[in-house]
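Before this model goes into any further calculation, I would like to set down some comments on it. They are arranged as numbered points, to be read beside the coordinates.

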Amino acid sequence: SRYIALTEIPQGLPRQDQFTLREQSLDPLAEGEVRVRNLWLSVDPYMRGRMSGVTTYVEPYALDAPMDGGAVGEVVASRDQRFASGDLVRHMAGWRDVAQLSADRVEPLPQHEVPPQAYLGVLGMPGMTAWTGLNRIAQMQPGERVLVSAASGAVGSLAVQLALAAGCQVVGVAGSDAKCEWLEGLGAKAVNYRGKDVEALTQALAEAAPEGIDVYYENVGGPLLDAALANLRDHARIAVCGLIDRYNDAQAGDGPRNLNRLLFRKARMEGFIVAEHWAHYPTFLAEVAPRVAAGEVRYRETVVEGLERTPEAFLKLFSGDNEGKMLVRLDAS
Ligand code: NDP
């Protein structure tokens, strides 16, 4: 099988030459194992943290070894009674074309009328993250004023729509006019952050949310967090989901200049890790999947073709070259 390995710990934005495509021969299938032909690979911003050589809340990627990540594929051989050839499954042995792993680490895809790769995006980890951050962390209430950063991405675009569906007023921040137009089409107000310093961002958010912000769904950090803090209402909640603006920084930058606003506004800012909320995944799925299947919740995908282009797909997350969920499609032949 072919896989992608990291060959060097990147400093700053990773370079494509720090990844390599390798081949390995697979052992004969052992009892209790399945072999899966991967159809869709997920690339996600958290993977940058795994490239730093240090353990955060996940193990770092080992150099020169197959990388991993979410994937959807088809079982092509099974020595476990729970799976048969042809089954569509989800697992974490991505970044490769063929995965061979214990059946305990493979799950059948839920059965909703959606394309299989939706279980890597809107109905997978990113979707679950949006739902968790809004409902379980920020405890969003109907009618509140909700700000979402990286709003047109996999997590953000569902957060925007869940907040709108809950009767909230929503402002989404994104990095292009086209993304902003898409957000406006959903019924949100949109702010393009490109070319705006903290003052201009603060002003733009104040114009988009003149009554201030009750809930900030934070995906970005950096200057946007300053601007959001400056626009908080009393008892605001910030769900700290991600801080992608800082993921490539070799050294931590200065903290928010105005963290005192959190104190002044008696606000709460709380971090979370979606994996620790996974027991609620069935609740999320029951609530959101029928709406995705019915076309009430929209989602977009940016698809890059071919295993060898997985690093490129990953890196595009940091230049904003994805609209919606970034996916790699493998040659099905
Ligand atoms: P996205 O689909 O949103 O892709 C990343 C997007 O981030 C890009 O499209 C880009 O859009 C935006 N972006 C990149 N760099 C910057 C920057 N410097 N400033 C502002 N925006 C930037 O990815 P996901 O939906 O998968 O992830 C979104 C966030 O959620 C990430 O921070 C991720 O780490 C976090 N996350 C956290 C989890 C948890 O358990 N806490 C689980 C899953 C995700 P644009 O054009 O708008 O700049």
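Predicted model: local features only at pLDDT ≥ 70, side-chain atom pairs only at ≥ 80, totals over all residues.

1. The mean pLDDT of the chain is 95, with 98% of the residues at 70 or more, while the complex receives from the predictor an ipTM of 0.99 and a pTM of 0.94.

2. The chain is divided into domain 1, which is made of residues 2-121 + 299-329, and domain 2, which covers 125-275. Taken over C-alpha atoms, the centres of domain 1 and domain 2 are 28 Å apart. To their contact, domain 1 gives 16 residues and domain 2 gives 16 residues. On the side of domain 1 that touches domain 2, the residues divide into five nonpolar, eight polar and three charged.

3. The ligand is surrounded by 30 residues, of which Gly153, Val155, Gly175, Gly242 and Gly320 are the closest. Helix H2 (125-137), helix H3 (154-165) and helix H9 (310-319) are the elements that give two or more residues to this shell. By residue class, the shell around the ligand holds 17 nonpolar, 10 polar and three charged residues. Because domain 1 and domain 2 both give residues to the shell, the ligand lies between them.

4. Helix H5, residues 198-208, deserves a point of its own, since the two sides of the helix can be told apart. Leu201, Thr202, Leu205 and Ala208 of H5 are buried, and, seen down the helix axis, the buried residues of H5 fall within an arc of 130°, so they line one face of the helix. An α-helix has 3.6 residues a turn, so residues three or four places apart point the same way. The face of H5 turned away from the buried side carries Glu199 and Glu207, which are exposed. What do the buried residues of H5 pack against? Their partners are strand E8 (145-148), strand E9 (169-174), strand E10 (189-192) and helix H6 (223-230).

5. Helix H6, one of those partners, is itself largely enclosed by the rest of the structure, because seven of its eight residues are buried. The buried residues of H6 are Leu224, Leu225, Asp226, Ala227, Ala228, Leu229 and Ala230, and a colleague setting up a calculation may wish to note that Asp226 is among them.

6. Val171 lies in strand E9 and is counted as buried because 27 other C-beta atoms lie within 10 Å, where 20 or more are required. Leaving aside residues up to four places away in sequence, Val171 touches Leu147, Ala188, Lys189, Val191, Leu205, Ala208 and Ala209. Leu205 and Ala208 are also among the buried residues of H5. Val171 and Met67, by contrast, are 104 residues apart in sequence and 36 Å apart in space, C-alpha to C-alpha.

7. Val148, in strand E8, is buried, with 35 C-beta neighbours inside 10 Å. The contacts of Val148, not counting residues up to four places away in sequence, are Gly156, Ala159, Val160, Val170, Gly172 and Tyr217. For Val148 and Val160, which are 12 residues apart along the chain, the C-alpha atoms are separated by 6.6 Å.

8. In helix H9, Pro311 is buried, with 24 other C-beta atoms within 10 Å. Pro311 touches Ile4, Gln16 and Phe19 when residues up to four places away in sequence are not counted. Pro311 and Leu6 are 305 residues apart in sequence, and their C-alpha atoms are 9.3 Å apart in space.

9. Trp95 has a positive phi of about 60° although it is not a glycine; Trp95 is found in the loop between strand E5 (88-91) and strand E6 (98-102), and counts as buried with 30 C-beta neighbours inside 10 Å. Ala150, also a residue other than glycine, has a positive phi near 45°; the place of Ala150 is in the loop between E8 and H3, and with 28 C-beta neighbours inside 10 Å Ala150 counts as buried.

Notes
Residues numbered from 1 in each chain as written. Near = placed C-beta within 6 Å. Helix = DSSP H or I, 4+ residues; strand = E, 2+ residues; numbered from the N terminus. Nonpolar A, V, L, I, M, F, W, Y, C, P; charged D, E, K, R; others polar. Domains from an automatic or database assignment. Buried ≥ 20, exposed ≤ 12 C-beta atoms within 10 Å, placed from the backbone. Arc of directions from axis to C-beta. Contact = placed C-beta atoms within 7 Å. pLDDT = per-residue confidence, 0-100.
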